[in-house]
Amino acid sequence: RSVQAAFLIALVVLWYLATTRWGVSSILLPNPVLVVQQLWDILKSGEFLGDLRVTLTELGIAFAISATSGVTIGYLISRSHYRIRVFEPLFAGIYSVPIILFLPLYVLFFGLGPASKIALGATSSFFPITLNTIAGFGYVDRILVVAARSMGASDLQLFRYVLLPAALPIILTGMRMGFTVALLSIIGSETIASLAGLGHRIVHLAEGMEMPRMFAYIAFVVVIALILNTIVSALEARGRRHM
């Protein structure tokens with residue numbers, strides 16, 4: 001923690017020196033003191049609430065769709081080694097393609113509103129969740145399955161006491177990865193084609209050359225992302241402890 005704190009402090013000091021002593025243009029890099037002042041004004045005025053609500057709503061709906069469909073489809077695929085051999089490489093190949101490239105198609109189909117961001121976020125996060133679900137359920141030690149069957153376990157008991165405990169850590173990791181990917185995709189798409197949201201606000205300020213306020217919003221988004229990632233990681237750790 002001390003090294004992390006020292007790194008952040010050193011970064012801010014270098015930033016301050018670059019803007020006050022080393023002649024870096026304020027158009028490219030505003031003074032951090034001005035950025036902090038703008039950030040405080042943003043928080044005090046509450047102007048961020050509308051954009052934050054839009055972004056979090058898009059994120060929540062997109063993740064709910066991808067988590068539900070990803071776990072369901074991943075489990076169904078994992079029940080057959082043939083389906084695993086067919087779909088796992090296929091999904092892995094699609095996952096390697098930057099989904100943001102298809103944003104113009106999403107905008108064409110769903111418009112500039114939240115629907116296109118939700119669709120993009122759900123698509124982006126679907127693949128890591130599905131792939132981890134397949135890995136979790138599909139590669140459970142066969143000895144455990146055979147032992148449970150030999151003791152008369154039903155399909156429900158097999159799922160509850162063998163498959164789910166063995167697969168849950170990997171599924172939770174996939175959920176965390178999917179959440180992060182969804183957040184990045186939604187904010188990224190808001191900066192390209194959107195009518196509202198934190199990403200749209202940042203681009204709007206950049207077009208107006210309001211650099212200190214733009215950097216303040218960037219810092220705000222970074223903090224929000226860190227908070228959300230911390231919450232999701234804590235939920236993942238709690239889920240692992242209560243398996």
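Phe-109 is found in helix H5, where helices are DSSP runs of H or I with at least four residues, numbered from the N terminus. The model is predicted, so that local features need pLDDT of at least 70 and side-chain atom pairs count only at pLDDT 80 or more, while totals for chains, interfaces and linings use all residues. Residues are numbered from 1 along each chain as its sequence is written, and side-chain values use heavy atoms, with hydrogens and water left out.

**Surface patch**

- Phe-109 counts as exposed because its relative accessible area is 61%, the classes being buried under 20%, exposed over 50% and partly exposed in between, with a 1.4 Å probe and protein chains only.
- A nonpolar patch on the surface is formed by Val-97, Ile-100, Leu-101, Phe-102, Leu-105, Leu-108, Phe-109, Phe-110 and Ile-192, which together have about 920 Å² of accessible area.
- Such a patch joins nonpolar side chains (Val, Leu, Ile, Met, Phe, Trp, Tyr) within 5 Å, taking residues with over 30% relative accessible area and no salt bridge, a salt bridge being a side-chain nitrogen of Lys or Arg within 4 Å of a carboxyl oxygen of Asp or Glu; accessible areas come from the Shrake-Rupley method with a 1.4 Å probe.
- Helix H5 (residues 103-110) supplies the largest share of the nonpolar patch, namely four residues.

**Nonpolar cores**

- The largest nonpolar core has 29 residues, of which Leu-59 and Tyr-217 touch the most other members; a core is a set of buried Ala, Val, Leu, Ile, Met, Phe, Trp, Tyr and Cys residues joined through side-chain atoms within 4.5 Å.
- Two or more residues of this core come from each of helix H2 (32-45), helix H3 (48-78), helix H6 (114-138), helix H8 (155-192), helix H9 (198-207) and helix H10 (211-241), and H10 gives the most, with 10 residues.
- Apart from this core lies another, of 10 residues, including Val-140, Val-145, Ala-153 and Ala-167.
- Beyond its neighbours within four places in sequence, Leu-59 is in contact (heavy atoms within 4.5 Å) with Phe-179, Ala-182, Leu-183, Ile-186 and Leu-228.

**Asp-51 in helix H3**

- Asp-51 is found in helix H3 and counts as buried because its relative accessibility is 9%.
- The side chains of Asp-51 and Arg-201 are joined by a polar contact of 2.8 Å, that is, a pair of N or O atoms within 3.5 Å, in which, within protein, one must be able to donate a hydrogen and the other to accept it, and residues adjacent in sequence count only if both atoms are side-chain atoms.
- Not counting residues up to four places away in sequence, Asp-51 touches Ala-196, Gly-197, Leu-198 and Arg-201.

Terms used
Patch = residues over 30% accessible without salt bridge, like charges linked within 9 Å, V, L, I, M, F, W, Y side chains within 5 Å.
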